[in-house]
Amino acid sequence: MSEKKSYDKATEEGIKKAHSDGVETIWDRLEAQQPQCGFGQLGLCCRNCNMGPCRIDPFGEGPSKGVCGATAGTIVSRNLVRMIAAGAAAHGDHGREVALVFKEMVEGELPGYEIKDQAKLKAIASKLGIDIHREIKEIAEDVARIALLDFGKQDEKMLAFANAYAPESLKELWKNINVAPRNIDREITESMHRTNMGVDADPISLSLQGIRTALGDGWGGSLIGSEFSDVMFGTPYPVESTANLGVLEEDKVNVIVHGHVPILSEKIVEAAEDEDMIELAKSKGAAGIVVAGMCCTGNEITMRHGIPTAGNFLQQELAITTGAVDAMVVDYQCIMPSLVDVADCYHTKVITTSEKAKIPGAEHIEFYPQQADEIARKIIKRAIENYPARAKDKIKIPSEKMDGIVGFSVESIVEALGGSLNPLLDAIKEGTIKGIAGIVGCNNPKLEHDKGHIEVAKELIANDILVVGTGCWSIAAMKAGLFKVEGAKLAGDGLKAVCEQLGIPPCLHMGSCVDNTRILVAISAIAEALGVKTSDLPVAGAAPEWMSEKAVSIGTYFIASGVFTVLGTTPPILGSSEVVKLLTEDVEEVTGGKFAVESNPHKIAGLMLRHIESKRAQLLGKRG
Ligand code: SF4
Ligand code: MSK
């Protein structure tokens, strides 16, 4: 546990305010949990049947097997596969919801939604081999049908989306080792089946199923979520935005949208712009309405509309402690149930909206896409009506906020490069840019908030590595000024020159957690353009502060797609040297990617730099 709680001044101020208001935060609860269970940390406890729970003694003095005979390797790998399955399920369910809304919209059932980006729809259709010289509705129907089949088809063929988007070399590799994902839901179900008592006991076989499930996420569920969101809400292009708690305004109604899926948050943004809503806010004494994002639903609306972001994962409770949040509207994922306890000390309404994510004590206004506009307006109205209930003496909004440019989709990066990847490839070949790093993932109160995210990024750009990233990393990077064009002054001379020439920041915001697929698509395009495998590229990834099961799935699909990935917090696998060796050494011989675990930001950057430099030397040698 880190002594200093946060790298971010607004967060430090928020923690102080919470304490002076008598509010318990995530850091207090982490402390109350100490010492955390050693068996759990090592992945050595199993409660997959009622002969247990069983635990293995890591020191070899107690039991070496569970009641059924399961070894440390079996238990650790089963637990890991269940983490991957849960993460892939979260992303898959998100992707399915977006695809179902898309399908119903195409069928004319959802007047609140439309196809905003026909070119993107056609690009997806072309990849899937669908005839695009037809009415847009017909194309959309076919794309929706194929996407939804990827959740339910019963043949043994690879997912249609994975087949359409992944480079040939990866597809061949996955087929050879039998990890090509067949059906997003099937892989999750099979993972749960195999980890059930008395089924798969082989750590290697289990880990391969974990890889197949994760690939169904990255090249399936998440990819579908990102692609359909672009079609319905617009492919992101660079736009100015602002981040940190200082985006909240004392004299306005503040509505925070928190969670992941843009289906609702897009509508909230629209409803808050309605004239009659603004008038209603004024009639209650407010100067207007601020909608601000949090976590990934925040990333979704900031990258498409420049809507400000109030903060990342560890700032959700602190936003309420400002006393100025009139409604915290949540969909699903990364929402702490403690929000209602914090809100109890202030006037904030915590509004849950998904049937899948209810919180005792919160107000539930269920969101149905059929009545999208009406429900979004109802939610905004609820926030406005709550504005007069503020306790003025409890309001204190940190002043910190930072602006920057967000919204770098693959399409917009190519456009910024003048229409092709060639200038980037040339810069990499010449060494002006030495490589590309992806930094992603959450915050974790076990580490100093945002420190890993920012220090790793700064060290990489100083070494002429272009940094791209998503999720809570992006919000940390934005708060630290790394999304400003002037942020390039922190970069090495080569990267600085490229940024100045193109007018881009040294770190590029590629979106939300499901948008990690944009990074997959980008590295696939670069590998194909260079005629090499993804694992040959001077590319590395890191999740310096990860906490969610989704991050385990993300990391796994990256290593299975040939990317060396550093995890900043230790996954619960140290109880089995066999599983550790498999994931940090042996897997590299098969996929070209592997995990490393390191919490020190300077060392994380060092590992990534060394990997990038060695790949670069090999690549240039190979290309002569
Ligand atoms: Fe114990 Fe085996 Fe049951 Fe797990 S599956 S709880 S190790 S008996
Ligand atoms: S929101 S999954 S805390 S990145 Fe995507 Fe942030 Fe991690 Fe949630």
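Start by selecting A140, which sits in helix α6 (residues 136–149); helices here are DSSP runs of H or I with at least four residues, strands are runs of E with at least two, and both are numbered from the N terminus. You're looking at a predicted model, where local features need pLDDT of at least 70, side-chain atom pairs count only at pLDDT 80 or more, and totals for chains, interfaces and linings use all residues. Residues are numbered from 1 along each chain as its sequence is written, chains are lettered from A and ligands numbered from 1 in the order in which they are written, and side-chain values use heavy atoms, with hydrogens and water left out.

Is A140 buried or exposed? A140 counts as buried because its relative accessibility is 0%; buried means under 20% relative accessible area, exposed over 50%, and partly exposed in between, with a 1.4 Å probe and protein chains only. Not counting residues up to four places away in sequence, A140 touches F102, V106, I115 and L121, where contact means heavy atoms within 4.5 Å.

Zoom in on I289. Beyond its neighbours within four places in sequence, I289 is in contact with K252, V253, V255, A272, M277, I278, A281, I380 and I384.

**Along α19**

Next, pick residues 451–462, which make up helix α19. From first C-alpha to last, these 12 residues reach 16 Å, close to the 16 Å expected at 1.5 Å a residue; that expected span is 1.5 Å times one less than the number of residues. Which residues of α19 are buried? They are G452, H453, I454, V456, A457, L460 and I461. After α19 comes D464, with a positive phi near 65°.

**Two ligands**

Show ligand 1 and the residues around it: C46, N48, C49, M51, G52, C54, G66, V67, C68, A70, R78 and M197. Being near here means having a heavy atom within 4 Å. This shell has 8 nonpolar, 3 polar and 1 charged residues. For these classes, Ala, Val, Leu, Ile, Met, Phe, Trp, Tyr, Cys and Pro are nonpolar, Asp, Glu, Lys and Arg are charged, and the others, Gly among them, are polar. C46 counts as buried because its relative accessibility is 11%.

Now move to ligand 2, with 13 residues around it; H260, C296, C334, C472 and C513 come nearest. Helices α13 (295–305) and α20 (471–479) each give two or more residues to this shell.

**Last stops**

Select Q209 in helix α10 (residues 203–233). At 1% relative accessibility, Q209 is buried, and apart from its neighbours within four places in sequence, Q209 contacts R182, E187, E190, S191 and R194.

Finish with E430 in helix α18 (residues 422–430). E430 is exposed because its relative accessible area is 62%. Its C-alpha atom is 9.7 Å from that of L620, 190 residues apart along the chain.
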